[in-house]
Amino acid sequence: MKRVAYYKGCLASLSAKELDSSTQALAPKVGLDLVELETVTCCGAGDIHEAEPDYYLHLNARILAYAEAAGCDELLTVCNVCTLNLRQANWQLKNDDGLRERVSNNLERVGVPPYSGNVEVRHLLWEIAEGEGYELLKQSAHKGLKGLKIAPFYGCQILRPSKLLGFEDPDRPWSLERIIEACGGTAIDYPAKVKCCGFPIIQAREETALGELIQPIEQAKEAGADAIVTPCPLCHLSLDAWQSKLKAATGKDFAMPILHLSQLVGVAAGLEESELKFKRHVVPVTPVLEKLEV
Amino acid sequence: MHTDLAPAPGSTTIEIALKIWRYDAVTGDKELKRYEVEAPDWVTLLDVLDIIKDKHDGTLAYRKSCRMMICGSCGMRMDGAAVLACKTRMYDIAKSGHVPVISAMGNLPVRKDLVVDMEPFWDKIRRMKPWLDPGYEEPPEKEWRVSQEKMNVIHKEALCIMCGCCVSECNSMESDPEFFGPAALAKGMRFVGDARDQANVTRLEDYNDEHGIWDCTRCYFCNERCPKGVDPRDAIAKLGAESIKEGIDHDMGAKHAKWFVTSAKTTGWLRETELVPKTQGIVEAIKQTKFAIGLLKRGKVPPPIPPHVAERVNESRRLYSLVKEQGRDGALGIVQGEHALGRIEFTEQAGVKTSDPEVQPGVEPPPAEG
């Protein structure tokens, strides 16, 4: 088992508890021993980076410092936005000794352990798309998705900027497709799978955001997808919860079920409803479960 | 002018195939045409287009000028991704057997083949008032000196060659064509962050337009596409940070961002349920009641009481105070590897006088000596 610090972030702690419960249940099946961090805070979601950038850097350094203090050299994330925010701060701190010294001193002054720059931030997607995680995934996904047509939706901040993320080609990603196939599903291809869901501006600029949101849902529907899967709870929230607003704005009822990555793999690995918590979705997942005879 | 791309003695040639979306805005004719050329193995996409135009099809339209990544004329899409044709080497692509599809940039009207109408792009650049406003009328006798440290803040923004690659795939602009976009906003930051400019507050108020700073959806396509490393999304974040520093926070985007700060220093975690009224105001939030009830039924609206409080959240509060004391507010707090620029810091040893007075925006420099 690989021991990793687990950073669940705001959404999996509150409105997307199904992401947390399915991740926790799935982790041992894919070789991950999750060490939950008790003292950490929000990563700032890009918003603190834009409002108070120096504070953003310190908050993320504090998260990294507690992961390091827990004896972990890896911090596992389950959210695109957390992944980019933490990796960006980590890149800044690792590559600038002077900056790291200033931030570390500040951390110590308020009672946080210093950060020496030895933690890697990795998303669950990357853990199970290759290496040992992928081998274990193939073994545990024995219940299979029975050829279900799944549209992978990557979202932005797990692909771009690739300088900070860099796991795969941001224009031709393959990880979600590989996982879908390993679980016995059929991956659907469509252009908007690497585009934005609109979530960061869904409250401040709803119309602009909905113009983005409709693209993946409409294209996945046209390509015959039974469901969309995403590695990001923010994408999940906009794709799932805001579908009703798309319906109000366009008159189109897509009724497209949206799955978290951990739920998709979890279904194939035979997790229970108490762990998958599909009842917490706004768009019913029932048609998918019926096809799978779960 | 004839372009002679005959291989130099001793060099080798390769077979290159590509498909080009041909288009004529006058007739509306559109066709994906395949071309195959023999070319020296060092050619760029632009060289291949030159060969096609010279030897195969003189009707092909595209823009070019410098051929060396500085004029910004030859932005176009290869397999849907905006590139500078002159920066894109063809060897690996041709050797892999892949036949790339070349098309005009996105988010701009196509006139012919690979030529887009740049006028909407220039309109947005002009909208930024892209010239220095030093705050005095007459050109001074003597210049103010600006330290390297002060210029580091806008080092990246100053690299922009206005090719339009960042705009091509901007997801916000696809949805809101009036969005100022990454190129214009990066240009705006280039002036807001310039120590010699004193119009930063007026500029920020203007850039806080409905289609300005807070209309960016953070898709990061601009950072990914920029061939010069400008990182326009980071420039937009700098404008957001500068706006909030100057108290220009009336936009819902700014209020949204500020609520994350409040959350982090009070409970540590995002106070999700309060985010909507804090962003949109109570009246708008009440209009969302029906939508919110739908979410509430599914547990998507966590009750604000009792709040979800991080352990040792006092550390997060104290960090905030400490950071504010250190005063790296606004764009200064956005780190982009500026320490690497330290090596080009001017020094006495390099023969540059450092005793000259430093720039003070809005204040005329002293008269020239002698």
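## Exercises on a predicted two-chain model

The model is predicted.

**Exercise 1.** Which residues of helix H8 (residues 131-140) of chain A are buried, and why do they lie on the same side of H8(A)?

*Solution.* 
1. Apply the cut-off: a residue counts as buried if 20 or more other C-beta atoms lie within 10 Å of its own.
2. In helix H8 of chain A, Gly133(A), Leu137(A) and Ser140(A) are buried.
3. These residues span an arc of only 75 degrees around the axis, so they fall on the same side of H8(A).
4. Now take the face of H8(A) turned away from the buried side: Gly131(A) and Gln139(A) are the exposed residues there.

**Exercise 2.** Describe how domain 1 of chain A meets domain 2 of chain A.

*Solution.* 
1. Start with the bounds: the assignment for chain A gives domain 1 as 2-123 and domain 2 as 125-292.
2. The centres of these two domains, taken over C-alpha atoms, are 24 Å apart.
3. Domain 1 of chain A brings 29 residues to the contact, and domain 2 of chain A brings 34 residues.
4. On the domain 1 side, at least two residues each come from H1, helix H2 (17-26), H5 and strand E4 (120-123) of chain A.
5. H2(A) gives the most to this side, with 8 residues.
6. Sorted by type, the domain 1 side has 14 nonpolar, 10 polar and 5 charged residues.

**Exercise 3.** How many residues of chain A are in contact with chain B, and which element of chain A gives the most?

*Solution.* 
1. Count both sides: 61 residues of chain A are in contact with 61 residues of chain B.
2. List the elements of chain A that give two or more residues to the side touching chain B; among them are helix H1 (9-13), helix H4 (53-69), helix H5 (80-95) and helix H10 (206-222).
3. H4(A) gives the most to that side, with 7 residues.
4. By type, the chain A side divides into 24 nonpolar, 21 polar and 16 charged residues.

Terms used. Residues are numbered from 1 along each chain as its sequence is written. Chains are lettered from A and ligands numbered from 1 in the order in which they are written. This is a predicted model: local features need pLDDT of at least 70, side-chain atom pairs count only at pLDDT 80 or more; totals for chains, interfaces and linings use all residues. Two residues are in contact if their C-beta atoms, placed from the backbone, lie within 7 Å. Helices (H or I, at least four residues) and strands (E, at least two) are DSSP runs, numbered from the N terminus. Ala, Val, Leu, Ile, Met, Phe, Trp, Tyr, Cys and Pro count as nonpolar, Asp, Glu, Lys and Arg as charged, and the others, Gly among them, as polar. Domain bounds come from an automatic or database domain assignment. A residue is buried if 20 or more other C-beta atoms lie within 10 Å of its own, exposed if 12 or fewer, and partly exposed in between; C-beta atoms are placed from the backbone. The arc is that of the directions from the helix axis to the C-beta atoms.
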